[in-house]
Amino acid sequence: MSHLGSPYKLKSLSLRNRIVMSPMCQYSVDAEDGAPNDWHFVHYVSRAVGGTGLVIMEMTDVDPDGRISNRDLGLWSDEHIPAFKRIIDELHKYGAKAAIQIAHAGRKALDAEPPVGPWNEPFQADAKKPRALTTEEAWKVIGQFGDAARRAVQAGVDTIELHGAHGYLIHQFHSPGINKRDDEFGRDYAKFGVEVIRAVKKELPPDMPLLMRISAIEYMDGGYGLDHALEMCRAYRDAGVDLFDVSTGGEGPAGSRKPGNYPGYQVPFARAIREALNVPVIAVGLLDDPKLAESVVANGDADLVAVARGMLRNPYWAIDALRALGDEAPIAKAYLRGY
Ligand SMILES: Cc1cc2nc3c(=O)[nH]c(=O)nc-3n(C[C@H](O)[C@H](O)[C@H](O)COP(=O)(O)O)c2cc1C
């Protein structure tokens, strides 16, 4: 059996293989006031039928004004639970495990009037000027993360991923280039994220792992580097994060440092966080060549490999990758004759 095809266990989460569907907003299809619809059902369930080990459902926001756009998913109301539960129950039928990526877009909430964030500077020159959250409001948003986590657990998730990357609210708070506050959430850059983690952990069954996506470096001029990300991740790990999903950037327009566009461009960051903090990690970013994905796990760069665009092109990416590596793949009975 390949390394990519081998099972993985983290606390109560047991995966049939090391392949993760990376979270991807489906902006183009109207979510029904935050609730997933039939598009999302077909989209996620087909990747479970396609052999994926863990399906991380897209950025799902804790407040209507925390959405990137009004077409995005949310978990700010108990009314959202049944639509998520319907998808998750079906993912389980096909052997996949389910996560929801819980988030708040902060100053990147395009349809909010106005967006809020740790500070009042927009993420790019032509973006809306955000309003800085008061200390009291920041605590309220932390509570909303806890409430959304409770709803995700009620919907049946196997784990939760916090979105602490790509320039969204948690990232905005831990970015020294963005967060210029002088309250408790500005004096300690990790404070907001740590309090979110604590609020969420309270709602999770004790053995359910908590994942967090992180941007290991920023690309804006003067943005933070890996050392700062390691410091934030250490605080997040100590507060209860069990695994980091390692991405980069997203905080604003890139300066002289540019994101890579070559296979495995973020793998060195995943390995660095894994080694420095002794935590499991997901590597992501142009890893859709099965041999490359296999080498990432086999070389100990990462514990799991996430694929995003490759799975938009091919819902059966996992089955095809496992077969290419010579493994037995989890093919649905109804499809066996195709093989
Ligand atoms: C259509 C689309 C939507 C995305 N939405 C999200 C999202 O909701 N949350 C997130 O953390 N990343 C999001 N991403 C980033 C992907 O999860 C992934 O990190 C990135 O595309 C690199 O992986 P890839 O090279 O396999 O596509 C999105 C990417 C795409 C292409």
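User: Taking a polar contact as a pair of N or O atoms within 3.5 Å, which residue has a polar side-chain atom 2.9 Å from an oxygen atom of the ligand?

Analyst: This is a predicted model: local features need pLDDT of at least 70, side-chain atom pairs count only at pLDDT 80 or more, and totals for chains, interfaces and linings use all residues. Numbering starts from 1 along each chain as its sequence is written, and side-chain values use heavy atoms, without hydrogens and water. The side chain in question is that of R213.

User: Which residue has a polar backbone atom 2.8 Å from an oxygen atom of the ligand?

Analyst: The backbone of A308 has a polar atom 2.9 Å from a ligand oxygen. At 2.8 Å, the backbone atom belongs to P23.

User: How much of the ligand's exposed area does the protein bury?

Analyst: Taken alone, the ligand exposes 610 Å² (Shrake-Rupley method, 1.4 Å probe). Of that area, the protein buries 83%.

User: How many charged residues are in the shell around the ligand?

Analyst: There are 15 residues around the ligand (a heavy atom within 4 Å), with S22, P23, Q101, L286 and R309 coming nearest. By class, eight are nonpolar and five polar, and the charged residues number two.

User: Is C233 buried or exposed?

Analyst: Buried means under 20% relative accessible area, exposed over 50% and partly exposed in between (1.4 Å probe, protein chains only). C25 has 17%, so C25 is buried. At 0%, C233 is likewise buried.

Note on methods:
Polar contact = N/O pair within 3.5 Å; in protein donor to acceptor, adjacent residues only side chain to side chain. Nonpolar A, V, L, I, M, F, W, Y, C, P; charged D, E, K, R; others polar.
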